[in-house]
Amino acid sequence: MSVSISTLSAGVIIETKSARVSVAAPKGRLSLRTRGDLGVFGSALGVEMPSKIGACVRSGELEVLCLGPDEWTLMLPQDQVASIFDALNAIYEAQPHSLTEVSAREVTFEIEGTHATDLLSIGCPRDIESIPVGEARRTVFDGVTVILWRDASTQFRMDVWNSFAPYLAQTLETGCKEIAAELA
Amino acid sequence: MLLIHCPYCDETLPEAEFTYAGQAHVIRHPEPSSQTDQEWEEFLFIRENVKGDHFERWRHFHGCGRYFNAVRNTVSDKFLTTYKAGAPRPQLSDLKEGGE
C-alpha cells in the first residue's frame with residue numbers, strides 16, 4: 001500500500017471571482033496496462049471499458065479513463081483498491097495484464113469557476129473548449145504532464161505528479177489572481 | 001506552433017505535447033551478428049539529412065505516450081501525413097496528390 005507523501009493537504013488553495021483552485025482529498029488510483037479482451041476486464045470490474053483515448057466511464061464510485069491504446073487509469077475510493085486487485089487477479093491467467101497501485105503518485109487539483117478555462121489556458125496549449133464534458137485528456141500544463149478531466153463546462157480536475165504539485169499550485173494561484181485583477 | 005495529428009488519439013494537437021524522435025524506418029538487421037563494423041556504423045549513426053519531405057518519428061509524449069511516424073517537409077515544416085508505428089511507409093506521390 002503506498003502512502004501519501006504530498007506536501008499539499010486537501011483544501012482550498014485560492015478562491016477569487018475568476019475561479020477556485022483546491023486540492024482534493026486523497027484517492028485510490030490504479031494503472032492498468034493490457035492488450036487483452038476488454039470485455040473480460042469490463043465484466044470483472046462491472047463497467048464497460050472505454051477504448052477511445054480520453055473517454056471516461058463511471059460506475060458507482062469507480063471511474064475508468066482510457067489514456068492510451070493499452071493504458072487505463074482507475075480512480076476509486078482508497079478502501080476499494082484491494083477489491084479491484086482481487087477482481088483482476090482472478091482473470092490474470094486468461095488475460096495477462098499489469099495492475100499497479102499509484103495512489104500516492106499524484107495529487108488532484110479541482111479547478112472550477114466562470115473563468116476556469118481561461119485559467120487553464122495560461123499553461124495548457126490545447127484548446128480547452130475542445131475537450132468534451134465528461135471526458136478527460138492527458139496533456140501538458142506549463143511543461144508538466146497532467147491528466148485533465150472536464151466534469152462540467154467550467155469544472156475541471158487535474159492530476160499532477162506529487163513532485164510538480166507545489167509548483168503548479170503556485171502557478172495556478174498566480175494565474176487566478178491575475179485573471180481576477182483583470183476582471184476588477 | 002505546429003499542429004500535429006496523433007494517429008492514436010485521432011486529434012490534431014499542439015506541438016508542445018509531442019517530442020521528435022529521429023528518422024523513421026531505420027530497421028535493425030534480423031541477424032545482427034552478420035553485420036560488419038561499417039554496416040553497424042550506418043545503422044547506428046548515419047542518417048539522412050533531407051531538404052524536403054522527411055520520414056521521421058514523433059512521440060505523443062504528453063498524451064497517449066505512443067511513437068508514430070510522420071512525413072514532414074523540413075523546409076516549410078508542413079506535415080504531409082502521420083501514421084501509426086508499424087504501418088507501411090506511404091508513397092510520397094500519393095501524399096502530394098491527396099494533400100493541400
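Beyond its neighbours within four places in sequence, A:Met158 is in contact with A:Thr108, A:Phe109, A:Ile111, A:Phe141, A:Val146 and A:Leu148, two residues being in contact if their C-beta atoms, placed from the backbone, lie within 7 Å. The model is predicted, so that local features need pLDDT of at least 70 and side-chain atom pairs count only at pLDDT 80 or more, while totals for chains, interfaces and linings use all residues. Residues are numbered from 1 along each chain as its sequence is written, and chains are lettered from A and ligands numbered from 1 in the order in which they are written.

A:Met158 lies in strand β11 of chain A, opposite A:Phe109. Strand β11 (residues 155-161) pairs with strand β8 (residues 106-112) of chain A in the antiparallel sense, over seven bridges. Strands here are DSSP runs of E of at least two residues, and helices are runs of H or I of at least four residues, numbered from the N terminus; two strands pair if DSSP finds at least two bridges between them. Strand β10 (residues 144-152) of chain A is also an antiparallel partner of β11(A), with six bridges. These two strands, β10(A) and β11(A), form a hairpin with two residues between them, and A:Ala152 has A:Gln155 as its bridge partner in β11(A).

A:Met158 is also, with A:Ile111, A:Leu119 and A:Leu148, among the residues that touch the most other members of the largest nonpolar core, which has 50 residues. Such a core is a set of buried Ala, Val, Leu, Ile, Met, Phe, Trp, Tyr and Cys residues joined through C-beta atoms within 7 Å. Helix α4 (residues 165-183) of chain A supplies the largest share of this core, six residues.

A:His97 is placed in the loop between α2 (81-89) and β7 (98-101) of chain A. Because 17 other C-beta atoms lie within 10 Å, A:His97 is partly exposed; a residue is buried at 20 or more other C-beta atoms within 10 Å of its own, exposed at 12 or fewer, and partly exposed in between, with C-beta atoms placed from the backbone. Not counting residues up to four places away in sequence, A:His97 touches A:Leu32, A:Arg33, A:Thr34, A:Gly36, A:Leu88 and A:Tyr92.

Chain B comprises two helices and six strands, in the order β-β-β-α-β-β-β-α from the N terminus. Of the 100 residues in chain B, 20% are buried. Twelve residues from chain B and eleven residues from chain A make up the contact.
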